[in-house]
Amino acid sequence: MAGLRVNDLKKSFGDHEVLKGVSFEVESGKFLSLLGPSGCGKSTILRIICGLETADSGEVLVDETDITRVRPEKRNIGMVFQNYALFPSMNVAKNVGYGLKMQKVAQDEINRRVSEALEMVKLGGYETRRVRQLSGGEQQRVALARALVTRPNILLLDEPLSALDRKVRAEMQYEIRNLQRQIGTTTVFVTHDQEEALTMSDQIILLHDGNIEQQGDPHTIYSQPATIFASDFLGKANLLAGKLACEEGNWFLTDGKVKIRLNHVGGKEGDEIKAAVRGEYFEFCEEGAEGANPFRLEKKIFTGLAWRLIGRLGNQPMDISALGTAASELEEDRDYFVRIRPENVVYYNV
Amino acid sequence: MKKKKSDFRPNSLWTLPSAGLLLFLTVIPLIMLLVFSFMNRNLFAGQPWPGWTLKNITRMFHSAPYWKLMAKSLGIASIVTLICIAAAYPASWAIAKIVKPKNRSMFMMIVILPFFTSQLLLIYSMMNLIKTGGVLLTAMDAIGIHGMTTWLYTNKATVLILVYEYLPYMILCLYSSLEGIGDNIIQASLILGASKTKTFTNIVFPMSLPGLLSGILLVFVPVAGSFMEPGLVGGAGGSMVGSMIDTQYSTSLNMGYGAALSCALLIILSVIMALVRYFAARAERAIGGEPS
Amino acid sequence: MTSKGFRRAMLACMWIVLAFMYIPIIAIIFMSFNKTQYGGFPYVFTTKWYTTLFTTSNLLPAAMFSLRFAFLVTIVAVVVGTLCAYGMQYYTPKFAKRFNTILQLPIIIPWMVTAISLLLLFSFIGVGRSYVSMFLGNLIVVLPYVVLLVNGRFVDMDRTPESAAALLGASPGRVFMDVTLPAIAPGMLAGGIMALIMCFNNFVIQYYLIPVGENTLPTLVFTRIRSEYQADLNALSAIIVLIAVVVVILLSKLGFSAGSLMGMGGGNKKEGN
């Protein structure tokens with residue numbers, strides 16, 4: 001068990017600057033997700049941490065020991081690859097036991113630990129299977145067992161679930177998280193799927209264009225996106241344009257038709273701002289209630305878990321999502337009133 | 001920091017042995033071939049440089065036999081290539097599209113098996129088959145066709161033997177192209193109302209062009225440069241341009257002249273091949289296939 | 001394209017082509033058991049040419065020499081060629097393309113021109129015709145096939161298991177032995193077989209570079225064909241055909257396709273551009 005720290009990583013491929021100075025820290029035993037669109041540099045960070053790629057500058061520290069120049073095979077870092085990267089010429093037991101064999105562990109000890117690891121990923125008895133006979137989910141479990149059986153200081157997961165279908169994926173999300181809690185290995189998880197990052201992580205780092213856009217725990221990242229990019233990338237946020245206004249010490253966003261109260265964090269009256277509001281934070285209310293704004297419902301779509309209500313808040317387009325029963329009564333092409341709590345509104349100067 | 005022991009990391013320097021071999025055994029010899037074309041006499045180690053001359057080049061341009069043999073070789077190469085295409089196209093089609101899928105690879109193995117024996121043994125067995133008193137003529141005599149004379153030691157025998165040697169290459173190239181044409185594409189074309197001829201010219205033929213092209217390259221070039229086959233089976237009037245080049249090295253020992261002759265052959269072959277590629281690419285574009 | 005008559009015609013063409021290819025071979029096997037000295041008729045069964053082949057004939061020693069020689073060239077070609085294919089993975093794409101062009105030269109240039117230019121080179125540096133010259137000449141014509149076949153494996157293979165092995169603590173040497181080698185072995189095998197056959201058969205290169213008065217099987221057969229009918233040659237042909245059949249069956253059992261053996265793996269990459 002060890003903490004991981006990364007200092008000012010920079011990396012360019014040719015003219016393309018992939019990492020522009022990334023620093024972060026993971027506490028021992030925590031689960032960190034690096035989240036971002038493809039090409040944001042998240043996989044490169046992972047490859048630098050494990051030594052498959054060399055950074056142009058910056059350093060990687062495990063428990064405050066600089067390992068930037070240590071060869072990958074000496075780092076004791078486990079990694080699970082997107083395409084599993086199992087050894088096709090070996091059976092399941094040989095795959096899982098490979099790392100132990102490299103550590104020159106005695107064969108019966110290897111056998112014991114391999115069976116344990118396979119039990120752990122619910123593949124007990126799979127020792128002699130050929131890798132090619134396994135399903136995608138099973139292959140991923142073998143890869144996970146292989147990475148964990150050597151008890152690495154750090155576990156790296158490079159989009160391990162993106163090749164799996166939806167159902168297996170949800171199962172694996174849960175299992176990986178459970179396993180990680182149980183063993184307590186510090187884990188860095190790379191994904192482009194915000195939902196996956198939100199469900200699994202202790203901490204999320206949102207990357208964009210080689211820079212850290214925002215970091216924090218899942219709830220903060222989701223409810224308080226620090227930038228427009230963050231608000232958009234983490235689930236669909238509605239952006240409302242307007243002016244900052246102040247009345248009797250309370251701050252508002254106004255555009256003539258709507259007036260939304262918000263917590264003042266900067267800017268002066270009359271500034272052009274954009275506010276990010278998540279559809280699920282709205283509630284329906286009576287006309288004239290405090291903070292009520294007119295909402296014209298144009299279309300409602302049933303998505304299973306909730307209703308998606310597409311319409312206009314004042315003149316601006318707005319997606320609201322509302323849970324089950326309340327929304328089923330609503331009718332299309334009617335006017336309603338909605339309100340939102342100020343702490344759920346984040347705004348940015350434009 | 002770095003330990004010597006683990007410096008096994010693969011890197012681009014590993015190509016150096018091969019690159020060196022290519023440089024010293026292909027690139028430099030080719031340059032020497034060109035240089036020696038302008039050399040006065042033979043050159044052996046330890047002897048002084050015999051001096052430059054244009055003699056070889058002028059002699060080559062004025063050598064009527066050389067150009068006659070060149071024309072003949074290119075003619076034979078064209079005939080052999082055409083026969084190979086004519087024979088290989090239907091045969092490859094049959095293997096790729098008509099034979100049961102599970103038997104296809106077996107048939108292809110049968111096609112390339114002769115390659116695993118030996119070039120010379122193939123020539124030898126064909127010679128034995130067609131010679132006077134050989135199996136073929138005896139058999140024909142037996143079924144009542146009399147008075148046939150053997151082709152052996154004529155130019156026909158050269159063509160026959162060359163077709164025999166190079167046919168498998170053409171089948172292999174065409175097969176791999178034809179196999180890649182999905183049955184559904186052909187059916188789609190027929191269902192959409194294209195005639196069989198149209199389907200062939202618009203779909204099948206363009207898609208088989210890459211294979212046809214590599215087949216032509218694999219057959220035409222070595223056939224045009226052959227000298228052993230005409231020497232063995234072509235008889236007195238069977239010489240090809242390769243035979244004449246060979247004479248400069250095995251009999252008359254005139255290295256400079258031989259080098260000039262080979263350079264000219266190489267240049268002519270390269271030009272022809274470039275033209276074939278160019279027209280194949282144009283044909284492909286014209287029919288609407290993607291340029292390879 | 002689908003009518004019965006058309007299909008029959010195509011199949012008939014196929015059988016005619018196969019007959020054309022196999023009748024001479026079958027005839028030679030048939031004649032190898034014929035007693036007549038000059039291969040004529042009437043046909044009288046005998047096995048005495050096989051006895052001759054294995055006792056007094058000079059063909060067998062030449063064949064054994066050719067086989068040993070071919071093995072030597074093959075081993076060197078496979079080692080050097082595999083190294084080269086491995087190293088090529090670390091070239092920039094642009095440089096790899098240029099290198100490929102040079103690599104194809106020995107395949108595209110007629111063997112006769114290669115042989116003559118090598119003879120010029122070796123005469124120039126004072127080696128002339130020699131076993132070393134012949135070795136190098138054969139090596140350079142088979143090397144590109146090995147490189148291309150092994151390179152094909154590298155291009156097709158998934159490289160991440162190698163990274164995975166390194167992260168599990170395997171030294172680069174171990175990674176190569178445990179992960180890389182099993183993945184490229186089929187390419188090395190196909191390249192090796194290709195090299196072996198080409199060296200065993202390559203008349204042109206050996207004809208120009210072998211020391212005067214020495215013989216490999218191809219050069220010996222060449223001289224013998226020119227002189228007269230030699231029944232022990234029939235016997236040798238029959239044996240070689242038999243070996244070829246066994247080898248081909250073995251290879252197809254190992255999962256090789258005809259195309260992959262002749263260096264045309266997936267499509268017609270061989271010619272490149």
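1. The largest nonpolar core of this predicted model holds 166 residues, and the members that touch the most others are B:Leu167, C:Val142 and C:Ala195. Helix H7 (residues 155-179) of chain B supplies the largest share of this core, with 17 residues. Apart from this core lies another, of 76 residues, which includes A:Cys40, A:Val62, A:Leu86 and A:Val131. As general background, nonpolar side chains in soluble globular proteins tend to be buried together.

2. Once residues up to four places away in sequence are set aside, C:Ala195 touches C:Val73, C:Thr74, C:Ala77, C:Val78, C:Val142, C:Tyr145 and C:Val146. One of these, C:Val142, is itself named with C:Ala195 and B:Leu167 among the core residues that touch the most other members.

3. Chains B and C share an interface in which 86 residues of chain B are in contact with 83 residues of chain C. On the side of chain B that touches chain C, helix H1 (residues 16-36) of chain B gives the most, namely 13 residues. By residue class, that side of chain B divides into 58 nonpolar, 26 polar and two charged residues.

4. The secondary structure of chain B consists of twelve helices and zero strands. The C-alpha trace of chain B spans about 80 × 75 × 45 Å along its principal axes.

5. Two further figures describe the packing of chain B. Of its 292 residues, 46% are buried. Among contacts in chain B with a separation of 6 or more, 70% are between residues 24 or more positions apart.

6. Is C:Leu217 buried or exposed? C:Leu217 has 27 other C-beta atoms within 10 Å; since a residue counts as buried at 20 or more, C:Leu217 is buried.

7. The contacts of C:Leu217 reach across the sequence of chain C. Leaving aside neighbours within four places in sequence, C:Leu217 is in contact with C:Ala62, C:Ala63 and C:Ser66. The C-alpha atoms of C:Leu217 and C:Asn58 are separated by 9.4 Å, although these residues are 159 residues apart along the chain.

How values were computed. Residues numbered from 1 in each chain as written. Chains lettered and ligands numbered in written order. Contact = placed C-beta atoms within 7 Å. Helix = DSSP H or I, 4+ residues; strand = E, 2+ residues; numbered from the N terminus. Nonpolar A, V, L, I, M, F, W, Y, C, P; charged D, E, K, R; others polar. Buried ≥ 20, exposed ≤ 12 C-beta atoms within 10 Å, placed from the backbone. Core = buried A, V, L, I, M, F, W, Y, C linked by C-beta atoms within 7 Å.
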